[in-house]
Amino acid sequence: MESLKESLKKTGLLTTINNNLEKSFNDALKNEEFKEFVKKLKLDKTVLMKYTSTLEKSCEEYGNCKNCKNLLECKNPVHGYAYLPTHHDGKLNFGYKACKYQNKMLKDTAHLKKITLYQTPEGFLNANIKSIYTNDAARFEAIKWITDFIKKYPDVKKGLYLHGSFGCGKSYIITSMLIELAKKNVRSTIIFWPEFLRNIKQLFGYNDELEQVINQVKNTPILFIDDIGAENLTAWARDEILSTILDYRMNNGYITCFTSNLTLEELEVHLSKTKDGIEIVKARRVMERIKQMTDDIQLISKNLRNK
């Protein structure tokens with residue numbers, strides 16, 4: 001059976017196709033930037049002219065990169081990358097290559113991979129310890145605590161129960177601490193407690209995935225449970241999830257931190273109330289774990305979310 005190429009030769013279509021490819025390539029060469037771009041590839045024209053449109057795209061993205069001053073100005077479709085050609089054994093291949101600004105950003109944020117987020121916005125990882133609002137004496141105790149913790153880790157015994165007014169930056173302060181520790185190769189996990197519980201319920205029936213999540217939370221060196229007390233409490237969430245996690249972590253000497261709008265006393269009341277009635281003993285058992293595992297600090301400050 002004759003090949004498609006041989007068939008095209010007989011009909012003269014191959015010559016026509018090649019002529020059209022060459023014409024398109026020659027037209028593109030009228031652009032001096034394109035001419036210089038393909039010249040650097042040092043490939044034969046018969047190879048290059050098969051990729052004219054793709055090379056034009058690459059040339060445009062390469063030009064965007066040459067004139068770019070930062071990532072915010074990136075004009076390429078894939079932000080921080082250019083679609084560029086490489087060649088091997090006379091063949092062209094195309095792929096995305098990160099620009100110098102993207103490479104720097106990836107290098108500067110590589111430590112964030114040490115932090116696992118569960119049902120927590122990615123924006124949490126924008127926290128910066130140098131940006132913590134300090135013009136309020138009410139914040140000094142919490143700031144001093146995390147500063148000391150960073151210096152002493154891993155020679156620490158307790159985490160932090162940071163409670164106080166809505167929007168005063170409790171989560172930001174603890175996340176900033178975890179980001180600083182990540183730079184020292186310390187792994188941690190952040191979970192937004194109300195949403196985490198909802199997600200756990202959805203994993204029922206997917207036992208392998210459920211076990212994987214629970215084991216990650218149990219065994220992470222530092223666990224940050226954000227906004228405890230804001231969940232719609234059930235006995236299952238308290239006894240089977242929270243209590244199980246805290247028991248395991250306490251017995252294995254892992255550090256756990258919390259934020260809440262509730263004081264420890266108010267949290268105990270919250271944990272005692274389920275649809276099954278008031279269960280003071282079970283709530284107190286959980287609270288004893290939290291008290292043993294953390295230092296209790298109150299932060300009453302202005303709502304920074306309105307700034």
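This section describes the strand arrangement, nonpolar cores, salt bridges and aromatic pairs of a predicted model.

The strands β3, β5, β6, β7, β4 and β10, in that order, form an open sheet of six strands with parallel pairing. Its edges are formed by β3 and β10, each of which pairs on one side only. Ignoring direction, neighbouring strands of the sheet are turned against each other by 15° on average. Within the sheet, β6 and β7 are joined in the parallel sense over four bridges. At this pairing, Ile 222 stands opposite Ile 255 in β7. Two helices that pack on the sheet are described here. Helix α7 touches β4, β6, β7 and β10, and its direction makes about 145° with that of β10. Helix α13 touches β4, β7 and β10, and its direction makes about 90° with that of β10.

The largest nonpolar core comprises 32 residues, and Ile 115, Phe 149 and Met 177 have the most contacts inside it. At least two residues of this core come from each of the strands β3 (115–118), β4 (159–164), β6 (222–226), β7 (255–260) and β10 (294–299), and likewise from each of the helices α7 (140–152) and α8 (170–182). The greatest contribution is that of α8, with seven residues. When neighbours within four places in sequence are left aside, Ile 115 is in contact with Leu 125, Leu 178, Ile 179, Ala 182, Ser 188 and Ile 190. Another core, of 30 residues, lies apart from the largest one; Ile 214, Leu 242, Leu 267 and Met 287 are among its members.

A search of the whole structure gives 13 salt bridges. In one of these, the side chains of Lys 45 and Glu 22 meet at 3.2 Å, N to O. Lys 45 belongs to helix α4 (residues 45–48) and Glu 22 to helix α2 (residues 13–28), so this pair ties together parts that are 23 residues apart in sequence. Lys 45 has a relative accessible area of 31% and is partly exposed. Glu 22 is also partly exposed, at 31% relative accessibility.

Asp 247 takes part in salt bridges with two arginines. For the bridge to Arg 285, the closest N and O atoms are 2.9 Å apart. Since Asp 247 is in helix α11 (residues 235–251) and Arg 285 in helix α13 (residues 280–293), the pair ties together parts that are 38 residues apart in sequence. Asp 247 counts as buried because its relative accessibility is 16%, under the 20% cut-off. Arg 285, at 40% relative accessibility, counts as partly exposed. For the bridge between Asp 247 and Arg 289, the closest N and O atoms are 2.6 Å apart. With Asp 247 in α11 and Arg 289 in α13, this pair ties together parts that are 42 residues apart in sequence. Both Asp 247 and Arg 289 are buried. Elsewhere in the list of salt bridges, a network links Arg 238, Asp 239, Glu 279 and Lys 282.

The structure contains 10 aromatic pairs. In the pair of Phe 149 and Tyr 153, the ring centres are 5.7 Å apart and the planes lie at 35°, so the pair is classed as tilted. Phe 149, which has been named above for its contacts inside the largest core, counts as buried at 3% relative accessibility. Tyr 153 is partly exposed, with a relative accessible area of 21%.

The rings of Trp 193 and Phe 196 have their centres 5.7 Å apart and their planes at 25°; the pair is therefore stacked, as the planes are under 30 degrees apart. These two residues, Trp 193 and Phe 196, are three residues apart in helix α9 (residues 193–202), which means that about one helical turn separates them. Trp 193 counts as buried at 1% relative accessibility, and Phe 196 counts as buried at 0%.

Methods:
Residues are numbered from 1 along each chain as its sequence is written. This is a predicted model: local features need pLDDT of at least 70, side-chain atom pairs count only at pLDDT 80 or more; totals for chains, interfaces and linings use all residues. Side-chain values use heavy atoms; hydrogens and water are left out. A salt bridge is a side-chain nitrogen of Lys or Arg within 4 Å of a carboxyl oxygen of Asp or Glu. Buried means under 20% relative accessible area, exposed over 50%, partly exposed in between (1.4 Å probe, protein chains only). A nonpolar core is a set of buried Ala, Val, Leu, Ile, Met, Phe, Trp, Tyr and Cys residues joined through side-chain atoms within 4.5 Å. Contact means heavy atoms within 4.5 Å. Two strands pair if DSSP finds at least two bridges between them. Axes are lines fitted to C-alpha atoms, for helices over the stretch in contact, and angles run from 0 to 180 degrees between N-to-C directions. Rings of Phe, Tyr and Trp (its six-membered ring) pair if their centres lie within 6.5 Å; planes under 30 degrees apart count as stacked, over 60 as edge-to-face and the rest as tilted.
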